[in-house]
Amino acid sequence: MTTVAPDSDMRRHELADFLRSRRERITPEQVGLVRGRRRRTPGLRREEVAQLAAVGVTWYTWLEQARGIQVSPQVLDALARALLLDRSERSHLFALAGSTDPAPLTPCPSVTPALRAMLDQMDPIPAAVQNSRYDILAYNMTYGRLLCDLDRVAPEDRNCMWLAFTDPDWRDAVVELPETNRLMAAKFRGSMAEHLAEPAWKSLLARLEAASPEFREIWARHEVVGQGGKSKYIRNRHVGLLHLEHTNLWLGPAAGPRLVAYVPMDAETRERLEHLRSLTPALA
């Protein structure tokens, strides 16, 4: 009689083999360690990986022995950094561990080259791809100058919630800022219900609470609102007042990424968007 190992056992052994192979390919010099004369182990020793990742040696040894232990996203993140994993390897590590990568800059599989080309072709209609945490994953040129100069914002700060509560240019551009931020926070709370334990969500929430008294006051209300389109006014610093319809095109499940577009509501707004698009190369 032939028995098939449970999927969890197969994943643990595959994870153990993967970690071992990544450990053995790294030289001590690559991570700032001294090789020493008596080194026989190819690559790094287990205790060196544990030290670099700030985890226990015994715990890491058990991980390479495919024992049934739990691995948190934070530890996987530390191991990925210690083992100098590239993006593909990092994604593979989290997949083997059955965990969600907490890194906000992890590439979204929905942002394909074809989708990026479509964003560009939508100009001068401002358009971007966002996830449910409001991270801005991709955007076209007009969107990049609509509320602030996104190209000059650090990638880790390209998040609508963060910009709406902390960035002066973004806040100046939103005509009905208090109501807009109230609704955005309520939508964020509704989305977060499915991600309460995820480090990236908790990290963003902690940053917002530390940086913005306005956010703390709104968040304490516990308001919840579902996603949806809305007509709004934006005062662009280069072309003036814009009347736009905010629309969402979901690229997967409702909790996943979406294409966000700001469609002009009148001819004057369309003309001003076209002017903004023509100005963009000079503003870069």
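Guide: "Buried" means a relative accessible area under 20%; "exposed" means over 50%, and "partly exposed" lies in between (1.4 Å probe, protein chains only). The model is predicted, so local features need pLDDT of at least 70 and side-chain atom pairs 80 or more, while totals for chains, interfaces and linings use all residues. Residues are numbered from 1 along each chain as its sequence is written, and side-chain values use heavy atoms, without hydrogens and water.

Visitor: Why does Tyr-143 count as buried?

Guide: Its relative accessibility is 1%. That is under the limit, so Tyr-143 is buried. Tyr-262 is buried too.

Visitor: What makes the rings of Tyr-143 and Tyr-262 a tilted pair?

Guide: Rings of Phe, Tyr and Trp (its six-membered ring) pair if their centres lie within 6.5 Å; planes under 30 degrees apart are stacked, over 60 edge-to-face, the rest tilted. By this rule the count comes to six aromatic pairs. Tyr-143 and Tyr-262 have centres 6.2 Å apart and planes at 35°, so their pair is tilted.

Visitor: Which parts does the pair of Tyr-143 and Tyr-262 tie together?

Guide: Tyr-143 lies in the loop between strand E2 (136-139) and helix H7 (160-166). Tyr-262 lies in strand E5 (residues 258-264). The pair therefore ties together parts that are 119 residues apart in sequence. Helices (H or I, at least four residues) and strands (E, at least two) are DSSP runs, numbered from the N terminus. The protein chain has 12 helices and five strands.

Visitor: How do you know that Tyr-139 and Tyr-143 form an aromatic pair?

Guide: Their rings are 6.4 Å apart, centre to centre. The planes make 40°, and this pair is tilted as well. Elsewhere, one aromatic cluster is formed by Phe-165, Phe-188, Trp-201, Phe-215 and Trp-219.

Visitor: What lies over the face of Trp-219?

Guide: Arg-189 does, at 3.8 Å from the ring centre. A charge sits over a ring if NZ of Lys or CZ of Arg is within 6 Å of the ring centre and within 35 degrees of the ring normal. Arg-258 lies over the face of Tyr-134, at 5.2 Å from the ring centre.

Visitor: Why does Leu-83 count as buried?

Guide: The value for Leu-83 is 0% relative accessibility, so Leu-83 is buried. Leu-83 sits in the loop between helix H4 (73-82) and H5. Outside four places in sequence, its contacts are Leu-19, Arg-22, Arg-23, Arg-25, Ile-26 and Val-49. Leu-83 is 43 Å from Ala-173, C-alpha to C-alpha, across 90 residues of sequence.

Visitor: Why does Thr-180 count as buried?

Guide: Thr-180 has 16% relative accessibility, and therefore counts as buried. Its place is helix H9 (residues 177-192). Thr-180 touches Val-174 and Lys-232, not counting residues up to four places away in sequence.

Visitor: How do the axes of H2 and H4 cross?

Guide: They come within 8 Å and cross at roughly 115°. Axes are lines fitted to C-alpha atoms, for helices over the stretch in contact, and angles run from 0 to 180 degrees between N-to-C directions. Val-49, Leu-52 and Ala-53 of H2 meet Ala-78, Leu-79 and Ala-82 of H4.

Visitor: How many residues of the contact of H2 with H4 are nonpolar, polar and charged?

Guide: Six are nonpolar, with no polar and no charged. Ala, Val, Leu, Ile, Met, Phe, Trp, Tyr, Cys and Pro count as nonpolar; Asp, Glu, Lys and Arg as charged; the others, Gly among them, as polar.

Visitor: Where do the axes of helix H2 and helix H3 come?

Guide: The axes of H2 (residues 46-53) and H3 (residues 57-64) come within 9 Å and cross at roughly 115°. H2 brings Arg-46, Glu-47, Val-49 and Ala-50, and H3 brings Val-57, Tyr-60, Thr-61 and Glu-64. This contact has four nonpolar residues, one polar and three charged.

Visitor: How many residues in the protein chain are buried, as a percentage?

Guide: Buried residues make up 45% of the 284 residues. Among contacts between residues at least 6 apart in sequence, 53% join residues at least 24 apart. The C-alpha trace spans about 75 × 45 × 40 Å along its principal axes.

Technical notes: Contact = heavy atoms within 4.5 Å.
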